[in-house]
Protein chains: 2
Amino acid sequence: MKISIKSLVSPNIRNLRAYNAKEIPCRVKLDANESPYGFEITDKILKSIKTNRYPDPEAKALKKIISKNLWLTPENILFGNGSDELIYYLITVFGGPVLYPVPTFSMYGIISQALGEKRIEVPLDNDFDLNLEKILTAIRKQKPKLIFLSSPNNPTGNCFSSERILKIVDASLRASKPGIVVIDEAYQPFSSEKGFLPMLSDYKNLVILRTLSKIGFAGLRIGFMIADKEVINEVNKVRLPFNLNSISQAVAAGLIKNLKTIKLHIGLITSERERLLNELWKIRGIKPYPSEANFILFKVKNSDKIYYRLLKKGVLARNMRGTVDGCLRVTVGTKKETNIFIKVLKEVMK
Amino acid sequence: MKISIKSLVSPNIRNLRAYNAKEIPCRVKLDANESPYGFEITDKILKSIKTNRYPDPEAKALKKIISKNLWLTPENILFGNGSDELIYYLITVFGGPVLYPVPTFSMYGIISQALGEKRIEVPLDNDFDLNLEKILTAIRKQKPKLIFLSSPNNPTGNCFSSERILKIVDASLRASKPGIVVIDEAYQPFSSEKGFLPMLSDYKNLVILRTLSKIGFAGLRIGFMIADKEVINEVNKVRLPFNLNSISQAVAAGLIKNLKTIKLHIGLITSERERLLNELWKIRGIKPYPSEANFILFKVKNSDKIYYRLLKKGVLARNMRGTVDGCLRVTVGTKKETNIFIKVLKEVMK
């Protein structure tokens, strides 16, 4: 008997397309905002792992280390299989409308759509900062249940004005139907700004997302949210009990003790970012935007053509077509990778 | 400003309670249907892992090995961060009502509730088999979008009648509003029955769940679904692109090549299960149920008291209160663990 599976799925899924994350072969990989510096997994770490036992559902050991590093209490932390999973859970728990600026990290919109929640997209202003007026009006009129603000923002690279962010958090808290504001600080370690952890005690509706993915551990899939205990409790209700596997837990707990090395890597990346920015400025026809993250967005004529020409020479950047038309985004790699990237870019611009 | 977070969450979440998966300290752990046999993670496997890079979003290497082992094509397989995540995705994609027999694996109900979908619970008959009449009537009248059948069933341990399962799959396919039938074969490796993989080509609405969790790899969190390509494509739309971390991918790919050892462990567990069953039969006041899985359900007077008395002596079983009142469920462990369990059980029954 023939049936059409597509006719059986929820209407909001029918026209959704799978997130395209195919691996593209290349020599220099600068498309995914990964750290160029990895860590070795030692035998000592592995000895503690029992493959046959379920992981600790509360990831206590890892939670203890991270809470200590960030001066937090463990009760205010919840782990996800990457921040992606926490975004999924937050939207499951609080529902929509979901408001976010555009352009920004694509998963806020994709997951809202998958879960059938209404989306409110508010364009950034000409400086890539938040359009405060429009967001405050949307809070008043459309009553978003969730607001996602990525700061530093991906793919633009800048931090949003702290003052504007706080006004949004405050307005959402005092609205007739209050909402949750999620500040996604995935790129905060590369920023000169301090981030919003110190504001947590002032705003019960504030959620902060952090991740280990950008500082050397993208392979482990460990994101975490920091929030008021009440928020943590509600999100924990929909969390799959064993969402963080044993090995990622053990490897992260074993390796992030090495804060000195992590900080060293961050220092290398941020100074390399400034050098990359300067080099980009020097190339005629390229307009790079300043960045507080581990990547740089730049405008270039014939961006599609340049993207494919780079790739043909083994250098993979991210084509921002459809998000910031006419732009490419390049991850800050090692000194050697920057040199190759700049050399090849100059060649393909000729 | 004070707000109540609970008042902000979706109504279906408000009365939900978090799945209780706290770790309970014990000497002999027989509560979670884990394999007693773990695997060593070798240096060779680890050398391939780059902590700083995102995992392969398609888990190609692992998919290739598993599809070869099960005589399937890779296009019919999709991985989840445990089967739990696939259940979450299936309910997100196809929606409710969600039908399942009771008692069964609790996550079908918990996730349906988290996602706000209607649940249809149909009690098993006196032999713990499917109540075919009632399910067929429910298919006709309540038009479930999804039906979950765990066979062998957790916590009862038996396989459902294949004939009844096929009638349900067929009825759901031919219904005025067809639905998807998910056969959860988490415990199939311990069963004398062949399972439903050979039926996949006959029924486009058939989904089979398998997992590595029960055969020595619960710590890795790897479940997978096998289904028609159209079904795979729809579920893939809501899958988080990096849901399977690099290390679990590499470790599983490296270790499940060792099919001989895995099969040896399964053989040890199933023969130990028969010995455990015989020992349980001999104890006055215990009524064990036959099992096709890696655990045994048994009835015992004062089951709460017996559960706590066992725990006090360091032996952790699962108290089925609220699911199958008056019963405990014990995982089949090593020979030594069975001996300790039987000895302690006899002591606390006195």
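Which residues of H5(B) are buried?

Analyst: This is a predicted model. The buried residues of H5(B) are Met107(B), Tyr108(B), Ile110(B), Ile111(B), Ser112(B), Gln113(B) and Ala114(B). That is 7 of the 8 residues of the helix, which spans residues 107-114 of chain B, so the rest of the structure largely encloses it.

Now the flanks of this helix. The peptide bond between Val102(B) and Pro103(B) is cis, with omega about 0°. After H5(B) comes Gly116(B), with a positive phi near 75°.

Pro97(A) lies in the loop between helix H4 (83-94) and strand E3 (98-102) of chain A.

Ala59(B) has phi near 45°. Its place is the loop between helix H2 (43-47) and helix H3 (60-69) of chain B. Ala59(B) has 24 other C-beta atoms within 10 Å, so it is buried; the cut-off for that class is 20 or more. Lys143(B) is not a glycine either, and its phi is positive, about 50°. Lys143(B) belongs to the loop between helix H6 (132-142) and strand E5 (146-150) of chain B. Lys143(B) has 17 C-beta neighbours inside 10 Å, so it counts as partly exposed.

Next, a sheet in chain B. Four strands form an open sheet in the order E9-E10-E13-E12, with antiparallel pairing. Strand E9 (286-288) and strand E12 (318-319) of chain B are at the edges; each has a single partner strand, so one side of each has no neighbour in the sheet. E9(B) and strand E10 (residues 295-300) of chain B run antiparallel and are joined by 3 bridges. In one of these pairings, Pro288(B) has Phe298(B) of E10(B) as its bridge partner. Helix H10 (residues 259-282) of chain B lies across E9 and E10 of chain B, at about 10° to E10(B). Helix H11 (residues 303-312) of chain B packs on the sheet too, touching E10, E12 and strand E13 (327-331) of chain B. The direction of H11 makes about 35° with that of E13(B).

Then the domains, taken in chain A. Domain 1 covers 5-37 + 260-349, and domain 2 covers 53-255. Their C-alpha centres are 23 Å apart. Domain 1 of chain A gives 27 residues to the contact and domain 2 of chain A gives 22. On the domain 1 side, helix H1 (11-14), helix H10 (259-282) and strand E10 (295-300) of chain A each give two or more residues. H10(A) has the largest share, 5 residues. By class, that side has 15 nonpolar, 9 polar and 3 charged residues.

Last, the two chains together. A rotation of 180° with 0.0 Å of shift along its axis superposes chain B on chain A, at RMSD 0.0 Å. This is the relation of a two-fold axis. Both copies use the same surface, as 100% of the contact residues of chain B recur in chain A. Ile247(B) comes closest to the axis among the residues of chain B, with its C-alpha at 3.6 Å. The contact takes 72 residues from chain B and 72 residues from chain A. In chain B, helix H4 (83-94), helix H7 (162-174), helix H8 (229-238) and helix H9 (246-255) each supply at least two residues of the side that touches chain A. That side has 38 nonpolar, 17 polar and 17 charged residues.

Key:
Residues numbered from 1 in each chain as written. Chains lettered and ligands numbered in written order. Predicted model: local features only at pLDDT ≥ 70, side-chain atom pairs only at ≥ 80, totals over all residues. Contact = placed C-beta atoms within 7 Å. Nonpolar A, V, L, I, M, F, W, Y, C, P; charged D, E, K, R; others polar. Least-squares fit on C-alpha atoms with pLDDT ≥ 70 in both. Pairing = 2+ DSSP bridges. Axes fitted to C-alpha atoms, helices over the stretch in contact; angles between N-to-C directions. Buried ≥ 20, exposed ≤ 12 C-beta atoms within 10 Å, placed from the backbone. Domains from an automatic or database assignment.
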